[in-house]
Structure formats: C-alpha cells, structure tokens
Amino acid sequence: MTPEEQKLMDESFTHVDLESKDLVAERIEQLKALFPEIAVEGDGSIDFEKLRLILGDEVDEGQERYAFTWPGKTDAIRQAQTPSTATLRPDEAASVDWDTTENLYIEGDNLEVLKLLQRGYHGKVKMIYIDPPYNTGHDFVYKDSFQDSIENYKDQAGLSGQSNADTSGRYHSDWLSMMYPRLRLARELLSEDGIIAISIDDNELNSLRFICDEILGSPNFIDTIIWKKRYGGGPKEKYLVTLQDYVLIYAKDISMIQDITVPLTEESIQRYYTKQDSNFDKRDQL
C-alpha cells in the first residue's frame, strides 16, 4: 500500500462509526419491544420495578440461590458490556494473497477484537474454537483494565514472562475474570446453529464448565472430548500420570444442531470395524 493510499484509508475512518456494537443497548431495545410499558418516559431507561411486576412469580427475590461467583466477576461482566473504540487497520505488507484470500488474521487484544467483530459478524459464525491459557501456574493470564483496555494491552503485550502463579490469592479468580467476558462476546458471534469448542486441562476444567453453563446454558452442553496427549510418565509427575486434556463443546441452541458425524475412511473401517452386520451402512459413524 502506497503512502497516498494509506492516507486516504486513514481519512476514510473519520466517516464511519468506529465504535463497536453496543450489545447492552440492543438488549434494552429488545426488552422495550417485548414490554413497551417498562420504558421510562423522557430518558428511555428501563423501569425495573414495573418489569418485576410483569414477570410476576418468575422473579426470584430470595437471598440464597445456586450461583458460581468469584472476586471480580462484576467487573468481568462490565468488560463484556463496554463498547470498544479501537480500530482494525489492514496491514497489506504483512499479508499473503491480499487480493484473493478469504482468511482474516487479527493481532491485538482479543477482548477488543471480539467487540469489534460484533458489528460485522454478530450471530453469523458457525463454529468457534478457543485454546486459552490452561492456568498451570506458568501461563500468562492477561489482566484486563476496565478503565483503559487499549493502553493496558500495550503495557502487557510484551510481558511474555509474566505468569499467573498458583501461589497467588486470586489464582483462579484472575483466570475466570479473563475468560468470562471473552466467552460472553464469543457467544454473541455464534449463529443459532453454531457451536463453540474450548480446549482445557485439569487445572480449570471444572471452572470452565461452570462459566460455560452460565453463559451458554447447561442444556446446550454437547459433550466433553477427552484426547490422549502423550504416552507414559515423566520426571515432573508427582502422583498419577496425566495423559489427557479436554475439549468442551457447547451449542448456541442445541435444538438447532444436527447429528455431528465424521465419515469414516476406508482405512479406518478396515482397522476398527472388523465385524460388520447387515445394518452397518445405516448407522451414523461418529
């Protein structure tokens, strides 16, 4: 891209809305469409007391309820709700097949990127795969700043040696606070028949299941894939040998999901299906 073309592109940014999609405002408008009477005249805010009356017995006013929480969860929810004013800038010099590629590689704070993608891809993504830090005590766990996430990203982006030590009093909380807003925004990108797959190990498997049940809904849990990552033990093993990791799979709406099957190759059939009955060809092959 020539300097003149870059200048024209920079100038064009002043003519477009650079703020990410405001998901909270969209939800408020959806509530008003369902219950017009809850809109406060003048400022357009929501009258929650009136909404409570409309919902009647469906509102739980008790102090005790089943919930999964941690220090910092409120701020993590706010992180997902705050629109971004960041900008995606193309880098033609570092790109491959600029004119023909159908792929998009984005470098930056992934929380900000997830917000920016909402404007063009909200509800359109068929599958998302995430491979987050496993929180082994040596992983870098990005600590979001509610005040200024862009500068915060720049400050931390070069700190590859910074880890989330398991001796920290907020060891699990920091990891959960990082994951929660990103999963909330990832769900917003999914189409109604979309699915999300998340890799994890034993350290945060239970925590991940809890927040996924909350964000995606426990009825939309499809399955946990257990995959063997190695054979035998090693010098770092202290108790039992850990041989497997996991992939959690959730649907946006499980009622929209068809059977998940992978056609078997002839080699696989010959290797694993040595005995076949008359109904073999009619069965789904997972």
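**View 1. Residues lining the largest cavity of the predicted model.** In this predicted model, the largest cavity is lined by Ser-20, Lys-21, Asp-22, Leu-23, Ala-80, Gln-81, Thr-82, Pro-83, Lys-115, Gln-118 and Leu-185. The elements that contribute two or more residues to this lining are α4 and α5. Sorted by class, the lining comprises four nonpolar, four polar and three charged residues. The volume of the largest cavity is about 40 Å³, and the structure contains one cavity of 30 Å³ or more.

**View 2. The buried face of helix α4.** Ala-80, which is among the residues lining the largest cavity, is also one of the buried residues of α4, together with Lys-73, Ala-76 and Gln-79. When the helix is seen down its axis, these buried residues fall within an arc of 110 degrees, so they line one face of α4. An α-helix has 3.6 residues a turn, so residues three or four places apart point the same way.

**View 3. The largest nonpolar core and the elements that build it.** The largest nonpolar core has 33 residues, and the members that touch the most others are Leu-183, Ile-196, Ile-200, Leu-208 and Ile-211. Two or more residues of this core come from each of α4 (73-81), α5 (110-121), α7 (171-189), β2 (190-200), α8 (205-217) and β4 (244-251). Helix α7 makes the greatest contribution, giving nine residues to the core. A second, separate core consists of five residues, including Ile-195, Val-247, Ile-249 and Ala-251. In soluble globular proteins, nonpolar side chains tend to be buried together.

**View 4. The surroundings of Leu-183.** Leu-183 is one of the residues that touch the most other members of the largest nonpolar core. When its neighbours within four places in sequence are left aside, Leu-183 is in contact with Ile-130, Ile-196, Ile-198, Leu-208, Ile-211, Cys-212 and Ile-215.

**View 5. Ile-196 in strand β2.** Ile-196, found in strand β2, is counted as buried because its relative accessible area is 1%, where buried means under 20%. With neighbours within four places in sequence again left aside, the contacts of Ile-196 are Ile-128, Ile-130, Leu-183, Ala-186, Leu-190, Leu-216, Leu-248, Ile-249 and Tyr-250. Ile-249, another contact of Ile-196, belongs to the second, separate core.

Conventions. Residues numbered from 1 in each chain as written. Predicted model: local features only at pLDDT ≥ 70, side-chain atom pairs only at ≥ 80, totals over all residues. Heavy atoms only, no water. Core = buried A, V, L, I, M, F, W, Y, C linked by side-chain atoms within 4.5 Å. Buried < 20%, exposed > 50% of the residue type's maximum accessible area, 1.4 Å probe, protein only. Helix = DSSP H or I, 4+ residues; strand = E, 2+ residues; numbered from the N terminus. Contact = heavy atoms within 4.5 Å. 1 Å grid on protein atoms, 1.4 Å probe; cavity = no way out; pocket = protein on both sides within 12 Å on 5 of 7 lines; lining within 4 Å. Points joined across faces, edges and corners; volume = space filled by probe spheres on them. Nonpolar A, V, L, I, M, F, W, Y, C, P; charged D, E, K, R; others polar. Arc of directions from axis to C-beta.
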